[in-house]
Amino acid sequence: MSTIAERLFEAQARIAAAAQNSGRSAQAITLLAVSKTKPASDIREAYLAGARHFGENYLQEGVEKITELADLAIHWHFIGPLQSNKTRPVAERFDWVHSVDRLKIARRLSEQRPEGLTPLNVCLQVNISGEASKSGVPPAELAALAQGVSALPGLTLRGLMAIPAPEADVVRQRQALAQMKQLFDDLKVQHPQMDTLSMGMSGDLEAAVAEGSTMVRIGTAIFGTRK
Ligand SMILES: *Cc1c(COP(=O)(O)O)cnc(C)c1O
């Protein structure tokens with residue numbers, strides 16, 4: 001059994017190798033350690049090994065860990081589904097949210113962001129695989145949503161996020177990631193401050209880096225399987 005620190009270093013090495021293979025700098029890719037369902041002690045271990053960005057999916061669990069780990073200089077990312085009646089703790093306690101897919105939610109987050117804090121960093125979640133059951137804005141509605149979000153004073157539009165449908169076929173897997181990069185580049189014309197393309201997980205981080213990801217969200221490969 002390897003330790004969390006060893007697995008974090010392995011994940012960083014995978015990112016570096018993938019970056020090198022596509023002629024990119026490893027510094028251009030941020031590792032977001034996805035710690036959902038894992039105890040605060042695991043996060044502390046990864047932090048001591050050098051991880052600084054952590055992602056949580058469940059609001060109450062995330063807020064508890066943020067409170068418990070207040071002594072650490074962690075950037076907290078909310079990456080789970082957002083309900084419009086539960087935006088306040090996200091606005092008050094997190095630094096980033098990756099799962100904004102409706103203007104109604106964005107408006108609430110902006111209104112609820114406390115005045116003393118910097119604006120909340122936002123990625124718009126795109127339903128890139130067109131799955132009826134999935135959250136995410138359809139690509140055809142993305143430009144309008146980005147326009148609305150960028151006008152909100154409590155938010156900073158940082159980029160896009162996607163969770164492509166699981167795909168055994170590597171070519172098909174690459175297609176969805178490439179479509180995200182195209183959407184990102186197109187949108188950047190109107191929103192040049194955008195610098196974050198959040199895609200790639202334990203199973204597809206190499207493909208995501210090859211297609212231009214700037215932030216990979218790694219859970220299992222660092223913290224082990226979840227129950
Ligand atoms: C759980 C989760 C991840 C991490 O997935 P792994 O396959 O465990 O690396 C990444 N992104 C989101 C949105 C998740 O919910």
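**Briefing: the ligand and its pocket**

By class, five nonpolar, four polar and three charged residues form the shell around the ligand. The ligand takes up the space of the largest pocket. This is a predicted model: local features need pLDDT of at least 70, side-chain atom pairs count only at pLDDT 80 or more, and totals for chains, interfaces and linings use all residues. Residues are numbered from 1 along each chain as its sequence is written, and side-chain values use heavy atoms, without hydrogens and water.

**Around the ligand**
- Residues near the ligand (a heavy atom within 4 Å) include V34, K36, N57, I79, I163 and M201.
- S202, R217, I218, G219, T220 and R226 also surround the ligand.

**Polar contacts** (pairs of N or O atoms within 3.5 Å)
- The S202 side chain places an N or O atom 2.5 Å from a ligand oxygen.
- R217 has a polar side-chain atom 2.8 Å from a ligand nitrogen.
- G219 uses its backbone: a polar atom there is 2.8 Å from a ligand oxygen.
- The protein covers 88% of the 390 Å² of accessible area that the ligand has on its own (Shrake-Rupley method, 1.4 Å probe).

**The largest pocket**
- Its volume is about 680 Å³.
- The lining has 34 residues, with I163, P164, P166, M201 and R217 nearest the centre.
- Two elements, α7 (170–190) and β8 (215–218), each give two or more residues to this lining.
- The largest share, five residues, comes from α7.
- The lining divides into 13 nonpolar, 13 polar and eight charged residues.
- A pocket is an open set of points on a 1 Å grid over the protein atoms alone, where a 1.4 Å probe fits, with protein on both sides within 12 Å along at least five of seven lines; lining residues have an atom within 4 Å of a point.

Key. A polar contact is a pair of N or O atoms within 3.5 Å; within protein, one must be able to donate a hydrogen and the other to accept it, and residues adjacent in sequence count only if both atoms are side-chain atoms. A molecule sits in a cavity or pocket if more than half of its atoms lie within 2 Å of its grid points. Ala, Val, Leu, Ile, Met, Phe, Trp, Tyr, Cys and Pro count as nonpolar, Asp, Glu, Lys and Arg as charged, and the others, Gly among them, as polar. Grid points are joined across faces, edges and corners, and a volume is the space filled by probe spheres set on the points. Helices (H or I, at least four residues) and strands (E, at least two) are DSSP runs, numbered from the N terminus.
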